[in-house]
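Reader: Please show me the chain and its model. I have some questions about how it is put together.

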Amino acid sequence: MTLEHKKNIFVELGKFLSQFTENKSTKDENVLHNDLFFDDFKNLIQLSQSHNGWFLPEQVLFAIDSWAKALTKENLDLWLNNYNLSEITPKTVGLILAGNIPLVGFHDFLSVLISGHKVLVKTSSNDQLLLPFLAKYLIAIEPEFKNFIIFTDGKLENFDAVIATGSNNTARYFEYYFKDKPSIIRKSRNSVAILTGKETQEELINLGEDIFRYFGLGCRNVSKLMIPKNYNFDDFFKAMFQYQDIIKYEKYANNYDYNKAVFLMSQFQLLDNGFLTIKEDTSYASPISSVFYEFYDDIKDVKNRLKTDKELIQCVVSNGVVENSVAFGKTQKPELWDYADNVDTIAFLQSL
């Protein structure tokens, strides 16, 4: 398969995914293989919550819509034009995927196939159905993909390189187990927002999207605020009020009640609006339903701190205060060229 042919296949996948939105799923008769896949995928989306309680249909649909918008010819060209993939010798690349948010491993899956390698996938028990379904759709479009895609429930075997994502504890295991193979090992990371006190209400509302999307379970979700001394939280809490319905979801509410109780029993000082607790803490990783904050005197100190802690941070959100920061509300809408941990996946695959 040529690179252009593979691009066109993923564009067709993007068209298929574009039929499924948070507002309505509308069947387009021009989409390939809809007769075989549309109804089954619609049902799978609705049933996802029964397999993973955090995968509400609206959260799954958000992920699907994000990928539908990413998989265009223009985006694929812009992403891949800087690489020479014409001389790739196909290798088998093992993927050990996370399952914290829907289709979180799709970018690695796409990268391996688009670069010309074979993919050996071990899905997370928390997200076992969505990616295999999309793989079947790709194979329906191009049967040759059947020779390039393998899913396994057991131990990874017979692979040449690996991309593995997990916690800090599992990463240590991965580093030992895969020490003799070319690898990308991803650990736990969190995202930070830098506030100056001059943000508009719209920007703060968008920040709520970065905090609450996927219930805060993603590494791109903001879990830490850097704020100036004497910051007034009134505007922040006013903006967060837009997301109050999140407390109606039982799993989130249980986490809110539990984590709030733990904080209070430890006699921590909290700010609380009934569905989100705010706590002063130097850590980047806050529990579900909570965001940590830390004061700063000088923005230069923040920049130095983030540079020192870059291995702990996935995204930095601001209104342009720091270089290469993500705009408010955009953390869960990465482009194809926004690599996890800032590690160029395509360059890694190109080097095999």
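Author: Questions and answers on this model follow.

Reader: What kind of model is this, and how are residues numbered?

Author: Residues are numbered from 1 along each chain as its sequence is written, and side-chain values use heavy atoms, with hydrogens and water left out. Local features need pLDDT of at least 70, side-chain atom pairs count only at pLDDT 80 or more, and totals for chains, interfaces and linings use all residues, since this is a predicted model.

Reader: How many helices and strands does the protein chain have?

Author: Helices (H or I, at least four residues) and strands (E, at least two) are DSSP runs, numbered from the N terminus. On that basis the protein chain comes to 12 helices and 11 strands.

Reader: What radius of gyration does the protein chain have, and what would a compact globule have?

Author: The radius is taken over C-alpha atoms, and the globule rule is 2.2 Å times the number of residues to the power 0.38. For 352 residues a compact globule would be near 20 Å; the protein chain agrees with this, at 21 Å.

Reader: In what order do the 5 strands of the open sheet lie?

Author: Two strands pair if DSSP finds at least two bridges between them. The edge strands, each pairing on one side only, are β3 (149–151) and β5 (183–186). The pairing is parallel, and the order is β3-β2-β1-β4-β5.

Reader: Which residue of β4 is the bridge partner of valine 93?

Author: Strands β1 (residues 92–96) and β4 (residues 161–165) run parallel and are joined by 4 bridges. In β4, the partner of valine 93 is alanine 161.

Reader: At what angle to β5 does helix α7 run?

Author: Axes are lines fitted to C-alpha atoms, for helices over the stretch in contact (heavy atoms within 4.5 Å). Angles run from 0 to 180 degrees between N-to-C directions. Helix α7 (residues 168–177) lies across β1, β4 and β5, and its angle to β5 is about 165 degrees.

Reader: Which residues of helix α4 are buried?

Author: What covers them includes α1 (3–17), α3 (57–70), α5 (106–114) and α12 (345–350). In α4 (residues 73–80), the buried residues are Asn75, Leu76, Asp77, Trp79 and Leu80.

Terms used. Buried means under 20% relative accessible area, exposed over 50%, partly exposed in between (1.4 Å probe, protein chains only).
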